[in-house]
Amino acid sequence: MSAAGTEAPPPAADEALGGTLLAARGLAKSFGPTTALERASFDIDPGEMVAVMGASGSGKTTLLHCLGGIIAPDRGWILYEGRDLGAMSESERSGLRCGDFGFLFQSGGLVPELSCLENTALPLRLNGVGRRTADARARERLESLDVDGTAHQRPGEVSGGEYQRVSLARALVAEPAILFADEPTGALDSLNEEKVMRLLVDAARRSNTAVVLVTHEARVAAYADREVTVRDGRTRDLAPGAAG
Amino acid sequence: MSFAHTVLGLLENGPAHGYDLKRVYDQHFGQDRPLHYGQVYAALARLLKKGLIEVAGTEQGDGPERKRYAITDSGVTDLHTWLGTPEAPQQYLQSTLYTKVVLALLAGRPAADVLEVQRSAHLKSMRELTRRKTEGDLAEHLICDHALFHLEADLRWLELTAARLDELATEVNR
Amino acid sequence: MTGRAPPPAVGTASPAPLRWAREIRLGVQLSVTGGRDAWIRLALVASGIGVAVAVLLVAASWPTMAEARQERHDARSYELDRQTPESTDQTLLIAYADTSYHGESVYGRLLEPEAPGAPAPPGVTDLPGPGEMVVSPELKRLLDSPEGRLLRERLDYSIVGTIGDEGLVDPGELAYYAGAAPDLLSSEETGRSERIDGFGTSRFDFPRGGETLVLALTGAVVALLPLGVFVAAALRFGADRRDRRLAVLRLLGADRWTAARTACGETLIGALVGTAAGFALFFPLRGLVPSVQVGGVSGFAADIVPHPLLAVAIPIGAVALAVGVTLVSTARAAADPLAAARRASWPRRRLWWRAALLTGGTALLLSSIGADPGRFGRVPETAVVGGVLLVLLGAGLVTPWLFQVAVSRARRGGVPWLLAVRRLQADGAAESRAVVGLVVIVTGAVALQTLFAGIQMRYADEEPVPGERVYRTDVPELPPAGAAEVAERLSAVPQVRDARAVVEYWHIEGPNDPVSLRVGSCSALRDHARIGECSDGDVFAVEGTSTRVEEGQRLRIPDADGAATWELPEVKRSVAPRDPSGLGEDPVPGSVLATPGAVAGADLPRSGVSAVFGLDPLTPRAVEEARNAVAELSPMGTTVIGQTSDSERERELDRIGALVTAGVGASLLVVGLGLVISAVERLRGTKRELAVLAASGVDRRTLALSVLAQATIPLAVGLAVSLAVGVPLGAALLRIAEVPVAFDIGGIAAITAASAAVVLSVTVLSLPALAKAIRPENLRAE
Ligand SMILES: Nc1ncnc2c1ncn2[C@@H]1O[C@H](COP(=O)(O)OP(=O)(O)O)[C@@H](O)[C@H]1O
Ligand SMILES: [Mg+2]
């Protein structure tokens with residue numbers, strides 16, 4: 001990740017962007033000839049839930065991947081709690097993703113050979129939590145999402161809604177500061193969509209987890225506190241008063 | 001006519017006083033704004049005149065005299081017909097918003113802004129409805145969902161129109 | 001349109017065979033138009049089957065090759081038990097003149113035609129004249145090279161020609177025919193030379209090659225196990241996608257058999273290409289055979305012709321097997337298209353019949369241990385071979401069960417371990433197959449290595465110490481004074497110590513029974529008996545013989561021209577016999593030892609001289625120099641080491657050992673390749689899940705470690721079983737052969753190290769696929 005370019009360098013940690021948890025400015029990312037992001041900006045406060053909307057192909061996923069430290073933008077900077085993601089090593093970013101960030105994707109992502117419980121306990125065990133403790137906490141998480149019945153089933157054996165709830169359990173089990181969700185209900189019917197979204201909102205609110213919610217559906221975006229719209233790789237903040 | 005039909009539907013459960021009707025209506029449908037008592041009596045009067053309901057008796061309480069209304073056979077038939085008839089879908093060509101967009105394009109104003117402002121407003125009210133539905137009971141939930149799906153449909157139209165503004169502009173200005 | 005019209009359903013319009021052909025063709029098309037994966041699978045399957053077919057063809061040629069060798073051997077032999085023909089214008093005198101050079105044996109014959117019409121041995125056009133020789137190409141190469149200098153000195157003839165292929169057993173043979181010095185052979189009548197009127201012996205009609213064939217094929221099948229594993233893994237490559245393709249076909253309305261036939265079409269092309277490649281590979285391989293010696297035996301390329309029946313059966317078998325495997329492996333997808341995507345767990349494996357095989361084999365072997373075959377007695381071969389096969393098979397089959405148990409019991413351990421174990425548990429079919437192949441091969445190898453270690457230890461015990469008098473030479477046709485001459489000539493070689501020789505006369509006609517006579521100096525006679533005080537002119541009788549030897553007896557010593565007679569003088573005393581070189585010679589009935597002075601007046605005929613000596617320092621070169629010294633005395637002299645020519649036996653053992661090592665190496669390699677394929681396939685199949693894990697902060701090291709564990713577990717289980725079964729198996733074989741049990745720790749360590757190397761390589765080779773699988777692109781929905 002390079003902070004060089006036309007954008008100003010990231011501000012020093014102490015000159016703080018207010019209480020902002022994660023801030024990004026001037027993000028740009030191209031894949032060969034395709035420009036996926038171009039001067040995108042983003043802010044999120046602790047416990048805030050921001051929907052990222054936009055047509056398919058507008059660059060939402062790319063933005064989420066950049067913000068989550070999964071890929072490095074070509075230009076621009078990202079500060080998480082005052083730390084510059086671009087200045088971190090790959091393993092530091094890995095550690096960050098493992099501990100402070102949680103991820104929820106449209107589908108897949110659970111290790112097919114592990115039971116739902118083992119899947120859920122995975123992030124804890126990666127963070128060095130013992131097996132027993134990890135299992136107990138994972139089970140609690142599954143219970144709170146009303147899928148503790150699937151604990152000993154394989155991901156291939158549960159329904160789509162249950163699958164996403166187990167994925168949600170795994171994303172939240174390590175109590176991340178930010179949850180990145182990319183079209184988390186894209187593959188679900190309305191009823192399951194609602195179930196998953198309500199559980200997501202509840203859980204996030206209870207643990208004061210900030211949520212970056214990428215979606216192209218207004219119904220899903222309506223769960224958020226505000227929207228950011230991506231159009232042709234540029235962000236537009238729709239929140240009244242904050243519009244740029 | 002639909003409000004009168006709502007009153008008729010409520011009476012199908014059994015005879016009721018006008019005041020009872022208002023209370024039950026508010027409980028089920030009155031979230032947005034409570035009903036005026038007068039509206040209820042206006043509707044009841046119209047229904048009486050059409051013979052769809054009748055006065056089933058008068059009660060003398062400590063207050064004023066209260067009439068009890070009951071549904072008639074033709075009232076039941078009418079209610080049945082109403083429930084079985086689909087609502088005529090609103091023709092979007094006649095919608096105000098379409099009119100606004102076309103007017104903006106004709107006048108050379110930024111039509112995209114019209115849509116954007118509208119989208120923002122839609123999203124705002126959707127957020128509000130979502131908040132209400134997550135806090136409310138099942139009835140509230142269902143009602144909010146209904147509104148949400150409608151708003152979402154509008155929103156889709158807004159997005160689609162925004163994507164086709166150029167096309168529309170050439171057509172309108174031809 | 002009369003009668004009922006057939007419904008216009010797809011595929012019912014044409015007759016079945018035509019329709020099937022079309023379905024198979026569809027499969028063929030799918031297999032070559034399926035993109036890079038399809039091509040990779042095609043290449044893998046074809047190369048696996050190709051190598052297997054080529055190896056099988058070579059194996060199937062084994063009997064032909066052995067037969068051809070035997071035929072050539074017979075063609076150059078001559079009848080020994082036949083009445084010697086009269087000397088005519090068609091007879092040839094021939095004498096045995098084999099020698100050894102640095103452990104290689106050299107086939108040699110001295111020839112002396114008695115007339116121009118004398119027969120020539122096969123491969124020789126013109127008989128070499130006196131002082132000339134014809135040699136095999138390999139011997140010529142050796143004689144021309146610096147390493148052959150000492151042999152050149154020994155075979156001091158001028159080379160006048162080459163022996164043709166038809167006169168050689170195999171292309172690597174060292175052989176010569178030399179023209180004997182005039183009168184060397186004709187003067188001799190006591191067995192060193194023969195008069196023949198033609199070459200070639202007729203053999204008893206052995207049952208032709210049946211057993212050899214079975215043995216060769218068994219060996220080939222065992223050798224092919226890893227290849228089978230490899231092909232099975234290759235067939236699985238891209239299997240996910242193929243299963244999905246089949247499922248689509250099924251959902252489109254194809255019935256299960258149609259789907260199966262289409263799948264067969266996909267495999268068929270690989271199998272056919274592989275078979276063709278196998279035949280194509282066979283020919284260069286065939287050209288290679290003369291230069292490699294398989295177990296010390298090689299053959300001419302022309303001899304390597306597969307048994308006709310097998311040449312037909314092998315390709316058919318290969319194709320049938322590939323198709324069969326496909327049918328079995330696609331049965332689920334074809335039968336239940338909707339379930340194709342879901343991963344089901346394994347069927348439970350049963351232990352009892354697997355264990356029964358192992359137990360049965362063990363019982364057979366144990367019963368053979370009790371059989372006490374005696375040193376040269378027959379080992380109960382059927383029981384041993386059957387027992388070994390049962391044990392190997394049992395070990396192979398018990399392993400998947402153990403593997404399953406090991407994997408499902410493993411609960412503890414970190415995340416990489418958990419991921420690996422669960423993955424193997426969910427679908428370890430490929431790994432389990434790999435383990436079976438590995439176990440059979442490695443168990444056999446460990447057993448063989450243990451066997452070798454024992455045998456080698458035994459020979460190591462018998463290695464002579466420098467100066468020990470364990471070398472012995474026999475020189476034919478020398479006068480009684482020749483003994484001193486031989487001893488003197490040998491002593492002239494710098495490293496020879498204590499060379500002493502006696503002239504030996506066998507089958508002397510005494511008054512009662514035949515007796516034997518040895519004439520030599522007092523010190524030489526001491527080699528043969530504890531004679532105590534001795535001076536020239538003494539005669540001793542050897543104790544413990546049933547035939548009495550007494551003063552005054554007349555002994556008749558047969559000769560070319562009648563017989564010499566010798567009256568026994570005063571016999572000094574009866575003495576205890578000694579075995580000169582520890583050769584375990586049986587005491588000769590009625591043996592007389594005489595000093596030269598005692599026989600001076602007897603005019604004894606020429607006879608063979610036997611000398612015993614030691615070497616110090618003991619070097620291979622000294623052995624060759626001693627042989628040269630003997631050859632100077634007579635071209636028919638032989639020098640042998642103590643009991644046997646050790647270096648030759650060791651060389652043979654080394655060669656078999658190297659073969660086993662190469663076999664284990666090759667099978668580990670092939671099994672490793674199979675593991676790489678299934679690991680890569682697995683990584684590609686779960687790339688979305690892996691990408692999500694990586695995005696969620698699971699670092700690459702954890703994932704790489706899980707790939708490592710995934711390769712380690714099957715190999716570790718396999719190796720553990722191999723050692724646990726192979727070592728006792730080798731020990732049991734040693735017990736059966738009555739050789740003290742010893743273990744080849746080095747060999748076992750080497751196999752373990754090689755397996756570890758394979759595990760590491762599998763992991764390293766899977767890393768690029770892992771890196772590819774965890775790319776963020778894979779997070780996007782397909
Ligand atoms: N790895 C990639 N390689 C090539 N093009 C990509 C890649 N990732 C994204 N893109 C392109 O970037 C653009 C934005 O993609 P994306 O961020 O996935 O949009 P969205 O999530 O809003 O649908 C698209 O045009 C897409 O094709
Ligand atoms: Mg996307």
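The axes of helix 13 (residues 482-491) of chain C and helix 16 (residues 620-633) of chain C come within 9 Å of each other and cross at roughly 145 degrees. The model is a predicted one. The crossing of helix 13 of chain C with helix 16 of chain C is right-handed. From helix 13 of chain C, the residues C:Glu485, C:Val486, C:Arg489 and C:Leu490 take part in the contact, and they meet C:Ala626, C:Ala629, C:Val630, C:Glu632 and C:Leu633 of helix 16 of chain C. By class, this contact of helix 13 of chain C with helix 16 of chain C has six nonpolar, no polar and three charged residues.

A second pair in chain C consists of helix 11 (residues 415-426) and helix 19 (residues 700-736), whose axes come within 8 Å and cross at roughly 50 degrees. Because of this angle, helix 11 of chain C is oblique to helix 19 of chain C. The two helices, helix 11 and helix 19 of chain C, pass each other in a right-handed crossing. On the side of helix 11 of chain C, the contact includes C:Val415, C:Pro416, C:Trp417 and C:Leu419, together with C:Ala420, C:Val421, C:Arg423 and C:Leu424. Their partners in helix 19 of chain C are C:Thr702, C:Leu703, C:Leu705, C:Ser706, C:Ala709, C:Gln710, C:Ile713 and C:Pro714. The residues of the contact between helix 11 and helix 19 of chain C divide into twelve nonpolar, three polar and one charged.

In chain A, the axes of helix 5 (residues 160-172) and helix 6 (residues 190-206) come within 10 Å and cross at roughly 15 degrees. Helix 5 of chain A is therefore roughly parallel to helix 6 of chain A. Helix 5 of chain A passes helix 6 of chain A in a right-handed crossing. Here A:Gly161, A:Gln164, A:Arg165, A:Leu168 and A:Leu172 of helix 5 meet A:Asn192, A:Lys195, A:Val196, A:Leu199, A:Leu200 and A:Ala203 of helix 6. The contact of helix 5 of chain A with helix 6 of chain A has six nonpolar, three polar and two charged residues.

Ligand 1 lies between chains A and C. It is surrounded by 13 residues, of which the closest are A:Gly57, A:Lys60, A:Thr61, A:Thr62 and C:Arg780. Backbone atoms of chain A lie beside oxygen atoms of ligand 1 as follows. For A:Gly57, a backbone N or O atom is 2.6 Å from an oxygen atom of ligand 1. A polar backbone atom of A:Lys60 lies 2.9 Å from an oxygen atom of ligand 1, and a backbone N or O atom of A:Gly59 is 3.1 Å from an oxygen atom of ligand 1.

Methods:
Residues numbered from 1 in each chain as written. Chains lettered and ligands numbered in written order. Predicted model: local features only at pLDDT ≥ 70, side-chain atom pairs only at ≥ 80, totals over all residues. Heavy atoms only, no water. Axes fitted to C-alpha atoms, helices over the stretch in contact; angles between N-to-C directions. Helix = DSSP H or I, 4+ residues; strand = E, 2+ residues; numbered from the N terminus. Parallel < 35°, antiparallel > 145°, perpendicular 65-115°, else oblique. Left-handed = near helix turned anticlockwise from the far one by under 90°. Contact = heavy atoms within 4.5 Å. Nonpolar A, V, L, I, M, F, W, Y, C, P; charged D, E, K, R; others polar. Near = heavy atom within 4 Å. Polar contact = N/O pair within 3.5 Å; in protein donor to acceptor, adjacent residues only side chain to side chain.
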